[in-house]
Amino acid sequence: MRHRGFGVFWIAALAIGCGSSESTSAIRDGSTATDGPATDRGGGAADAGGGAGGSGAGGTDGRAGAGGTAGADGAGGGLDGAAESVDAPTADMPPYEAPPFDAGASRWQIHFIGSGRIDDTASGNPIDLPMARRLHVAMLPEGYTQADLDAGTFDMDVERWMTEVFGIEPYTTFQQAFVVWKIRVASGARIAAADPQTADTAFKLGITSDGGGVGGAGSATAARVWDALKDFPVAITSFGSGRGSRNLVAYMHVLDPRNGRAGLSGRSTTATNPANTSERVSLAIALGRAHEFTHAFSRLSDEYLEDSNTNPRPNDQTTTSSGITNVVASPSCSTVPWRHLFKGTAINPSGDQLVGAFGTAMHGYHAELKCLMNGTHENGKYYGGNGNLRSNDRMCNFCREMTAFRVFERSSVLPDTATSLNTWINNYRIPFFSRYGFKVPTPVPQTSSDGMAWWQPCTP
């Protein structure tokens, strides 16, 4: 055993090995739940993966066709080279064919359309979501010239997004609730390393001076996003109270001129319609795809420690839909919003040294050492190694649960945001983990890149 201290008590033990499997424990009745099956500011400038892609015109598996094959550009991707394997869920609902949807004269095209049928976790019955209540993702191309669009580059980048995002739970389980749209808006030139953007691009997105990251996404970008959305084929619904669109999230792919495909270290933000400031849409930009999308879709925070980001949310402000988050100010066992996942609970009767309160008083605390929502930044200063604590293909148990909650809330299965979180906690939480399991990665305690195992418990 080794001990390290910087304001809290840490227990570190040498790792025996870095396995890649993940087990699932059932709750209450002892039955085995079916298991479910990659960078924001900490994203890294290069995309190391993507996976096999689309099937060309006509498409398969709900895809409308991308005009070509996405190519085999390597498994994995993003920062975390050690992938954790998970099993695909077993479908137990009858097959359902979605009716065709006519987008009319809109510039938007469907890349993937889910059937709309998902499992109501609380009742076990299927829900058939109408088109207006499905979860729409609007794909935007920044820095793609007409030649790039004609070559299918944007289509292939969208397909890479599909492979990455829907390869991680709970997106895999609830994929049929989603519709992925794309619009081919050409840029007059590829991006320049300038903020504000000086090149004639479609969305005038600022780029950092080194050309490796996203800079400002100001009013010029927001205006062009909303211009693209003006003929979106489905009515965009709103959460109200300034929270923005409910059934729509936008994603902007940025073509990196250095490699001729989507790239750059990304971020997420909100685009406000300058013509109507009550209209807002969550916007995820660039790499990593699943990390940034989860910021925008699930309203989750970065879990990496960043010395310039030191304002975590107080625990007592996380009891509502608008306040719930994965990073909080106090490690108190009785007030962290993931306390139902501690060892000895109904959901986690025996899984020790996985769910705790990792972080510092300055940066805030999160549930597990590693997660899709983690990254690098100053992690190495506190946890050693290269600081990379991102799991590219796995959310921690709490982030996975909160993303599932947003699926049901954004699709209006839980329509009232004043009560939606309480309804989830009372009616959905236990059935969710009973059905889809409490996921335990290997090894536990989890390890940093230098092989050191870390366990940081909550405090009484």
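Q456 lies in the segment that follows strand β16 (452-455), helices (H or I, at least four residues) and strands (E, at least two) being DSSP runs numbered from the N terminus. The model is predicted, with local features requiring pLDDT of at least 70 and side-chain atom pairs counted only at pLDDT 80 or more, whereas totals for chains, interfaces and linings use all residues. Residues are numbered from 1 along each chain as its sequence is written, and side-chain values use heavy atoms, with hydrogens and water left out.

Q456 is buried, with a relative accessible area of 2%; buried denotes under 20% relative accessible area, exposed over 50%, and partly exposed in between (1.4 Å probe, protein chains only). The side chain of Q456 reaches the backbone oxygen of G359 at 3.0 Å, and a polar contact of 3.4 Å joins it to the side chain of Y383. A polar contact is a pair of N or O atoms within 3.5 Å; within protein, one must be able to donate a hydrogen and the other to accept it, and residues adjacent in sequence count only if both atoms are side-chain atoms.

The largest nonpolar core comprises 66 residues, and W161 and F293 have the most contacts inside it. Such a core is a set of buried Ala, Val, Leu, Ile, Met, Phe, Trp, Tyr and Cys residues joined through side-chain atoms within 4.5 Å. Two or more residues of this core are given by each of β7 (135-142), α2, β8 (178-182), β9 (248-256), α4, α6 (397-410), α7 and β15 (438-441). Helix α6 supplies the largest share, seven residues. When neighbours within four places in sequence are set aside, W161 is in contact (heavy atoms within 4.5 Å) with V137, M139, F166, V180, Y251, H253, R289 and F293. A second, separate core of 33 residues includes W108, M131, W181 and A228. In soluble globular proteins, nonpolar side chains tend to be buried together.

Helix α7 spans residues 420-436, yet the C-alpha atoms at the ends of its 17 residues are only 20 Å apart, short of the 24 Å that a straight helix would reach at 1.5 Å a residue; the expected span is 1.5 Å times one less than the number of residues. A bend of about 55° occurs in α7 at Y428, and the proline P431 follows within four residues. The bend is the angle between axes fitted to the seven residues ending at a position and the seven starting there. The buried residues of α7 include W424, Y428, F432 and Y436. Just after this helix, G437 adopts a positive phi of about 90°.

The structure holds 16 salt bridges, each a side-chain nitrogen of Lys or Arg within 4 Å of a carboxyl oxygen of Asp or Glu. R160 is buried, with a relative accessible area of 8%, and D157 is buried at 0%. In the salt bridge of K230 with D227, the closest N and O atoms are 3.1 Å apart; K230 is exposed at 62% and D227 partly exposed at 39%. A further salt bridge joins the side chains of D307 and K381 (3.0 Å, N to O). D307 lies in the loop between α4 (289-298) and β13 (358-360) and K381 in helix α5 (residues 379-383), so this pair ties together parts that are 74 residues apart in sequence.
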